[in-house]
Amino acid sequence: MRRRPGPDGYWCETVVRSPDAGGEWHLGGHWAHTPDAALQWLRGQALRLADALEPLPGHGPFPDSALHAVERPGQDGGHRPGQLLRDWAADTAYHHTQRQALTSGRPISANTRGTDRICGFGEVEVLYSLSARPIRRDAATRRLLRAL
């Protein structure tokens, strides 16, 4: 039996969804040629999103005096999406597992949730998703791309 060639690359994206608000927002997409490049892009997106959701004092455009920890008990069950994304970005052991999954042709993702205020809807649940999936092109597409 003939072995299928490995992936031609990896499509990565950052998506935010709110079922409560009926919306989906694509924050970014990226074509990566290797699993390492896919994970590197996803890690950068995780940190960018974490900084937007939970800015750290001294690491952004806001003066330290403008940032204060806010406790919101009961509203979102204690979910801290920014912290979870930072934790995922720092988890190199898990990245090894995800790299193996991409190499073997399986998609990967990192997901979290929290609440946010959306104009016209008030407090709603928001789902944050970083993902990468292998892309295989058929033989005809490969020949066409080589000819270009």
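User: Helices are DSSP runs of H or I with at least four residues, strands are runs of E with at least two, and both are numbered from the N terminus. In what order do the elements of the chain run?
Analyst: This is a predicted model, where local features need pLDDT of at least 70, side-chain atom pairs need 80 or more, and totals for chains, interfaces and linings use all residues. Residues are numbered from 1 along each chain as its sequence is written, and side-chain values use heavy atoms, leaving out hydrogens and water. The chain has four helices and four strands. From the N terminus on, they go β-β-α-α-α-β-β-α.

User: How are α1 and α2 oriented to each other, roughly parallel or roughly antiparallel?
Analyst: Helix α1 covers residues 35–53 and helix α2 residues 81–90, and their axes come within 8 Å. The axes cross at roughly 155° (lines fitted to C-alpha atoms over the stretch in contact, with angles from 0 to 180 degrees between N-to-C directions). The crossing is left-handed (the near helix is turned anticlockwise from the far one by less than a right angle). With that angle (over 145 degrees is the cut-off), α1 is therefore roughly antiparallel to α2.

User: Which residues of α2 meet α1?
Analyst: On the α1 side, the contacts (heavy atoms within 4.5 Å) include Leu39, Leu42, Arg43 and Leu53. Their partners in α2 are Pro81, Gly82, Leu85, Arg86, Trp88 and Ala89.

User: What share of the chain counts as buried?
Analyst: Buried means under 20% relative accessible area, with a 1.4 Å probe and protein chains only. Of the 148 residues, the buried share is 31%.

Technical notes. Parallel < 35°, antiparallel > 145°, perpendicular 65-115°, else oblique. Buried < 20%, exposed > 50% of the residue type's maximum accessible area, 1.4 Å probe, protein only.
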